[in-house]
Amino acid sequence: NFKMRFMELLWTIGILLSLTAIFAIAPFDIAINAIIISLSILSLVWIHIARISLSRGSSLRRFASYLFLCLLFMFLFSLWNFISQLFLLQGYLSYAFLACAYVLLVISCYKLMEIGMEFGFSIQAKGIKKLLKKPGKKF
């Protein structure tokens, strides 16, 4: 546990030093875009690792797949936005990426709602709370 905390501390220091270097070297808008693209890549890697660790055909894996696609389109939007700023490109491709990301985000939220209904225990939790509040009952 200590080793893991120490590694997290080193990662945090590394990230802060990297951010400081990026902002010192690059103009602000390029630095922000580079950070956004880096975070997008990191989120894609993590959601991919999470997705492959889940059981095939499970509702959580389907949710992770939709979320992966949503994050992928957000990454493509950010990447295209960055490229178009660098090379002064114009067009509506970035809006298509963003629209796809939002559609997939809505689908992901719906899938998460389904997971909540499948695994949610809100009704049972209310009953358990009532039982625990009854005097004389010890569990």
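Entry 1: Before noting a volume, I wrote down the terms: a pocket is an open set of points on a 1 Å grid, with protein on both sides within 12 Å along at least five of seven lines, and its volume is the space filled by probe spheres set on the points. I also reminded myself that this is a predicted model. With that settled, I found about 160 Å³ of space in the second largest pocket. I counted 14 residues in the lining, and those closest to the centre are Cys70, Met74, Phe75, Leu98 and Ala101.

Which helix gives the most to this lining? I found that α3 does, with six residues. Helices α2, α3 and α4 (93–119) each bring at least two. Sorting the lining by class, I got 11 nonpolar residues, three polar ones and no charged ones.

**Entry 2: the largest pocket.** Next I turned to the largest pocket, which holds about 180 Å³ of space. Its lining is made up of Ile15, Ser18, Leu19, Ile22, Ile35, Ser38, Leu39 and Leu42. The elements that supply two or more of these lining residues are α1 (2–25) and α2 (28–53).

**Entry 3: the cysteines.** How many disulfides are there? I came out with zero. A disulfide needs two cysteine sulfur atoms within 2.5 Å, so I checked the distances. For Cys70, the nearest cysteine sulfur belongs to Cys109 and lies 8.1 Å away, and Cys70 is in no disulfide. For Cys100, the nearest is the sulfur of Cys70, at 10 Å, and Cys100 is in no disulfide either.

Then I looked up accessibility. Is Cys70 buried or exposed? I have Cys70 down as buried, because its relative accessibility is 1%. Cys100 is partly exposed, because its relative accessible area is 32%. I also jotted down a link back to my first entry: Cys70 is one of the residues closest to the centre of the second largest pocket.

**Entry 4: Ser78.** My last stop was Ser78, which sits in helix α3 (residues 59–86). I put Ser78 among the buried residues, because its relative accessibility is 11% and the cut-off for buried is under 20%. What does Ser78 touch, once neighbours within four places in sequence are left aside? I found contacts with Ile36, Ile37 and Ser40.

Technical notes:
Residues are numbered from 1 along each chain as its sequence is written. This is a predicted model: local features need pLDDT of at least 70, side-chain atom pairs count only at pLDDT 80 or more; totals for chains, interfaces and linings use all residues. Side-chain values use heavy atoms; hydrogens and water are left out. Buried means under 20% relative accessible area, exposed over 50%, partly exposed in between (1.4 Å probe, protein chains only). Helices (H or I, at least four residues) and strands (E, at least two) are DSSP runs, numbered from the N terminus. Contact means heavy atoms within 4.5 Å. On a 1 Å grid over the protein atoms alone, a cavity is a set of points where a 1.4 Å probe fits but cannot get out, and a pocket is an open set with protein on both sides within 12 Å along at least five of seven lines; lining residues have an atom within 4 Å of a point. Ala, Val, Leu, Ile, Met, Phe, Trp, Tyr, Cys and Pro count as nonpolar, Asp, Glu, Lys and Arg as charged, and the others, Gly among them, as polar.
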